[in-house]
Amino acid sequence: MTTNRTDMSRLEGDTPAQRLLALLEVIAGKDQFFTLQGMVDETGLPKPTLHRMLQQLESSGMLQREADGRHYSKGSRLRRLAETLLLNDTIQGARHAVLTQLVDEVGESCNITALSGGEVLYLDRVETSAPLRFYLHPGSRVPVHCSASGKLFLAQMAPAQRRRLLDQMPLTAFTHNTLTDPAILEAEIETVRRQGYAFDDEEFLPGLLCIAVLAPNPAGPSNTGLAIQAPVMRMNRDKALACLPALQRAAEAIANINREALPEAADLASADR
């Protein structure tokens, strides 16, 4: 009989604090009370280790013990943390609204990305209502060399920095179109640098076309990408380029939101009053 255990990678970390946060993430997803033994069965962690971690979370107010003394539930501090996050997450809400408006305008799925190591991380995504679509949820990661946003992130790096990154990662072929030759990829990156936009032409998933730009950052390199993704049966390069002005307007709106969220911008706004 198989045991329904949590993916252990969610509980791993380089430090005790990271592992404690990973455990808290698992607990936050529960909709029932739980016991020490139940968490041992679910995670596979040693009972003394897990007992110590639960004690730490209880003493900090993140968890609380129920009346029977055996069951745990989410503590008042954890609930306040969640409520405070939702109340003050206007930046994410504003960016999501821009993304939603872009999807309404172009009729295809759109996402916001960032560079994380050698991968492109999906920060947010809004799906098209069209029946045929590719599901890539927030939190998904795509190798940098076969992503439209990834090529843009690479294009703004100095050549030595880019080589240092690419030399340490395999240029895996996910499709017949994936660029796996370093010289060809470098030529593509140079084209992207000149154009200011990039394509993923079925390079990560067969049948998926993507066009991306970066949200401008006058202060330096941008770590915010904005992309449109569509099945090739609905979109080709010419149709994607027709969407480029809308994509660039949305990227500028995202950039304005990012700039206004910086502490320096808030200080300047206060000084002007």
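**Cysteines and the chain as a whole**

Modeller: This is a predicted model, and the count of disulfides in it comes to zero.

Colleague: How do you know that C110 is in no disulfide?

Modeller: The nearest cysteine sulfur to C110 belongs to C243 and is 8.3 Å away. A disulfide requires two cysteine sulfur atoms within 2.5 Å, so C110 is in none.

Colleague: What makes C210 a cysteine that is in no disulfide?

Modeller: For C210, the nearest cysteine sulfur is that of C110, at 9.1 Å. The cut-off is 2.5 Å, and therefore C210 is in no disulfide.

Colleague: Why is C110 called buried?

Modeller: The relative accessible area of C110 is 0%. Buried means under 20%, so C110 is called buried.

Colleague: Why does C210 count as buried?

Modeller: C210 has a relative accessibility of 4%. Because this value is under 20%, C210 counts as buried.

Colleague: How many of the residues of the chain count as buried?

Modeller: Of its 273 residues, 40% count as buried. The accessible surface of the chain comes to about 15200 Å², and carbon and sulfur atoms hold 54% of that surface.

Colleague: Which helices and strands does the chain have, in number?

Modeller: There are eleven helices and nine strands. The C-alpha trace spans about 65 × 60 × 45 Å along its principal axes.

Colleague: How many positive and negative side chains does the chain have?

Modeller: There are 28 positive and 33 negative side chains, with the centres of the two sets 4 Å apart.

Note on methods. Residues numbered from 1 in each chain as written. Predicted model: local features only at pLDDT ≥ 70, side-chain atom pairs only at ≥ 80, totals over all residues. Heavy atoms only, no water. Buried < 20%, exposed > 50% of the residue type's maximum accessible area, 1.4 Å probe, protein only. Helix = DSSP H or I, 4+ residues; strand = E, 2+ residues; numbered from the N terminus. Areas by Shrake-Rupley, 256 points an atom, 1.4 Å probe, with all protein chains shown as cover. Lys, Arg positive; Asp, Glu negative; His and termini not counted. Charge placed at Lys NZ, Arg CZ, Asp CG, Glu CD.
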